[in-house]
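This briefing is intended for reading alongside the sequence and the three-dimensional structure. Please keep both in view while working through the topics.

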Amino acid sequence: MRHTREQSQVAVDGLDRRLVTMTNKVDSLERAMVDFQAKTSKELGDVRVAQEKGRADMQAGISTTLKGVQDSVSQQLIAIRQDNGKSLEQIRATVDDKLQKTLNDRISQSFKVVNDQLEAVSKGLGEMRGMAESVGDLRNVKTRGIVGEVQLGAILEEVLSPEQYDTNVATVPDSSNRVEFAVKIPGKDDEFVYLPIDAKFPGETYGRLEDAKDTGDAAAVESAWKELETRLKSEAKDIHEKYVAPPATTSFAILFLPFEGLYAEVVNRTGLVEQIQREWHVNVAGPSTMAALLNAVQMGFQTVAIQKRADEIQKVLSAVKAELPKYRKELERAQKQLNTASKTIDGLVGTRTRAMERTLKGVTAIGSLSEADELLGIDDDGDEVEAKDE
C-alpha cells in the first residue's frame with residue numbers, strides 16, 4: 001500500500017513537472033506569438049507606409065505624365081490649328097486667284113463677242129465698240145441700254161433675215177409701248193405672231209455683286225444678290241405686262257442679258273430663272289443661248305417656207321398632170337409629121353439626088369465653090385440672093 005502511494009506521488013510529481021514544462025512552453029509560445037504579432041504588425045505597417053508612398057509617387061508620376069501629355073496635345077493642337085490656318089489661307093488665295101482669273105476670262109470673252117458683233121454692224125458704230133472694250137465706260141443707264149440693244153440687234157441680223165423680225169414695234173394692239181425687237185413667228189396663211197425680245201443690263205447691281213465677291217463679304221454678296229433678283233423680277237414683270245398679249249404675240253417673251261458672265265450668274269442662282277418663267281412667262285437668255293434660240297426659230301421659218309413651196313409644187317404637178325394628155329396628143333401629131341417629113345427627105349436624098357447625079361455626070365464642075373455659089377445666087381450662109389444684072 002505504501003509502495004502504491006509512493007508510486008502515485010512519483011507520478012504526481014512527474015505530472016507536475018510536465019505541467020510546469022508545458023506551462024513554460026505555453027508562455028514561450030505566447031511570447032513568440034506576441035513577438036510574431038508585433039513583428040507582423042510592424043511589417044504590415046511598413047508595407048502600408050511603402051504602399052502609400054508608392055501610391056503617392058505613382059499619383060505624382062501619373063499627374064506629371066498627364067500634364068506632359070496635355071502640354072504635348074495642346075502644342076500639337078496649336079500646331080495643327082496654325083497649319084490649318086496656313087492651308088486655308090493658301091486655299092483661299094488659290095480660289096480667289098482662280099475666281100478672279102475665271103471672271104476676267106469670262107469678261108474678256110464677253111467683250112470679245114461684243115466687239116466682234118459690233119464690228120459686223122457697221123463702220124459707224126465704232127464709238128460703241130470702244131465703250132464695250134472698257135468696263136469703266138458702261139456706267140450710265142443709257143450707255144448700257146445701247147450696248148445691250150446693239151448686241152441683240154447684231155445677233156438678230158446675223159441669224160435672221162430683215163423680213164423675219166421688226167424693230168421698235170408695238171406688239172400689243174392699240175398700245176404705245178414699243179419693244180426693241182420682235183421676231184415674226186410664222187403661222188397659217190401668211191399670218192404671224194410676234195415674239196418680243198427686250199435687252200436689259202443691270203450693270204450697277206451686277207458690279208456691286210462682283211465687288212462683294214472680290215472682298216469675300218458674304219453678307220454683302222447676299223444683299224447684292226437680292227438686289228439683282230429684285231431688279232430682274234421687276235424687268236420680267238414689266239416685259240410681260242407691256243409686250244405679251246396672245247394671240248397677237250407668243251405666250252412668252254425673252255429678257256436678253258448681253259454678257260455671258262451676268263447670264264451665268266443668273267442661271268446659277270437656284271430657282272431664279274424658273275420663277276421668272278413660271279410667274280411672268282419670260283425666258284432669260286444670254287448671247288450664246290439667244291443665238292441658239294434664233295437658230296431654232298430660223299429652222300421654223302425654213303420649215304414653213306418648205307411647206308409653202310411644197311404646196312406650190314403640188315399645184316404645179318397637178319397642172320402638169322392635167323396637161324399630160326394634151327401634150328401626148330401633140331407629141332403623137334408631131335411624130336406623124338416627122339415621119340412624113342422623114343419619108344419625103346429620104347425620097348429627095350435618095351432617088352431624086354441619085355437621078356440628078358446620073359444626069360449631070362458628064363458636066364464638068366466649076367473648080368471654085370465660091371464661084372458656084374455666086375453663079376447660083378447663094379451666099380456664104382446658104383441663103384439665096386438676087387442675081388447680079390449682067
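Predicted model: local features only at pLDDT ≥ 70, side-chain atom pairs only at ≥ 80, totals over all residues.

Residues are numbered from 1 along each chain as its sequence is written, and side-chain values use heavy atoms, with hydrogens and water left out. The protein chain holds 9 helices and 5 strands; these elements are DSSP runs numbered from the N terminus, helices being H or I of at least four residues and strands E of at least two.

**Overall make-up**

- From the N terminus on, the elements follow the order α-α-α-β-β-β-α-α-β-α-α-β-α-α.
- Of the 390 residues of the protein chain, 25% count as buried; buried means under 20% relative accessible area, exposed over 50%, and partly exposed in between, with a 1.4 Å probe and protein chains only.
- Among contacts with a separation of 6 or more, 61% are between residues 24 or more positions apart, where a contact means heavy atoms within 4.5 Å.

- An open sheet is formed by 5 strands in the order 1-2-3-4-5, with mixed pairing; two strands pair if DSSP finds at least two bridges between them.
- Strand 1 (165-169) and strand 5 (282-285) are the edge strands, each pairing on one side only.
- From one strand to the next, the twist averages 30°; axes are lines fitted to C-alpha atoms (for helices over the stretch in contact), and angles run from 0 to 180 degrees between N-to-C directions.
- Strands 2 and 3 are antiparallel and share 6 bridges, with Phe181 standing opposite Ile197 of strand 3.
- Strands 3 and 4 run parallel and are joined by 3 bridges; here Ile197 stands opposite Ile254 in strand 4.
- Strand 4 (residues 253-256) also runs parallel to strand 5, through 4 bridges, and Ile254 has Asn283 as its bridge partner in strand 5.
- Strand 3 (residues 192-199) is mostly covered, as 6 of its 8 residues are buried.

**The nonpolar cores**

- In soluble globular proteins, nonpolar side chains tend to be buried together.
- The largest nonpolar core has 30 residues, of which Leu232, Leu257, Leu262, Val266, Ile276 and Val282 touch the most other members; such a core is a set of buried Ala, Val, Leu, Ile, Met, Phe, Trp, Tyr and Cys residues joined through side-chain atoms within 4.5 Å.
- Two or more residues of this core come from each of strand 2 (179-186), helix 4 (203-215), helix 5 (218-243), strand 4, helix 6 (260-268), helix 7 (272-280) and strand 5.
- Helix 5 makes the greatest contribution to this core, with 8 residues.
- Leaving aside residues up to four places away in sequence, Ile276 touches Leu232, Ala236, His281, Val282 and Val284.
- Another core, of 17 residues, lies apart from the largest one; among its members are Leu156, Val183, Ile254 and Phe256.

**Aromatic rings**

- The whole structure contains 3 aromatic pairs; rings of Phe, Tyr and Trp (its six-membered ring) pair if their centres lie within 6.5 Å, and planes under 30 degrees apart count as stacked, over 60 as edge-to-face and the rest as tilted.
- Tyr165 and Phe181 form a tilted pair, 6.5 Å centre to centre with 55° between the planes.
- This pair links distant parts of the chain, with Tyr165 in strand 1 and Phe181 in strand 2, 16 residues apart; both Tyr165 and Phe181 are buried.
- Phe192 and Tyr194 form an edge-to-face pair, at 5.3 Å centre to centre and 75° between the planes.
- Phe192 is partly exposed at 38% relative accessible area, whereas Tyr194, at 13%, counts as buried.
- Lys184 lies over the face of Phe192, 5.2 Å from the ring centre; a charge sits over a ring if NZ of Lys or CZ of Arg is within 6 Å of the ring centre and within 35 degrees of the ring normal.

**Backbone points to inspect**

- Most residues other than glycine have a negative phi, and most peptide bonds are trans.
- Pro246 and Pro247 are joined by a cis peptide bond with omega of about 5°, and Pro247 is found in the loop between helix 5 and strand 4.
- Asn168, in strand 1, has a positive phi near 50° and is partly exposed at 49% relative accessibility.
- His281, in the loop between helix 7 and strand 5, has a positive phi of about 55° and counts as partly exposed at 39% relative accessibility.
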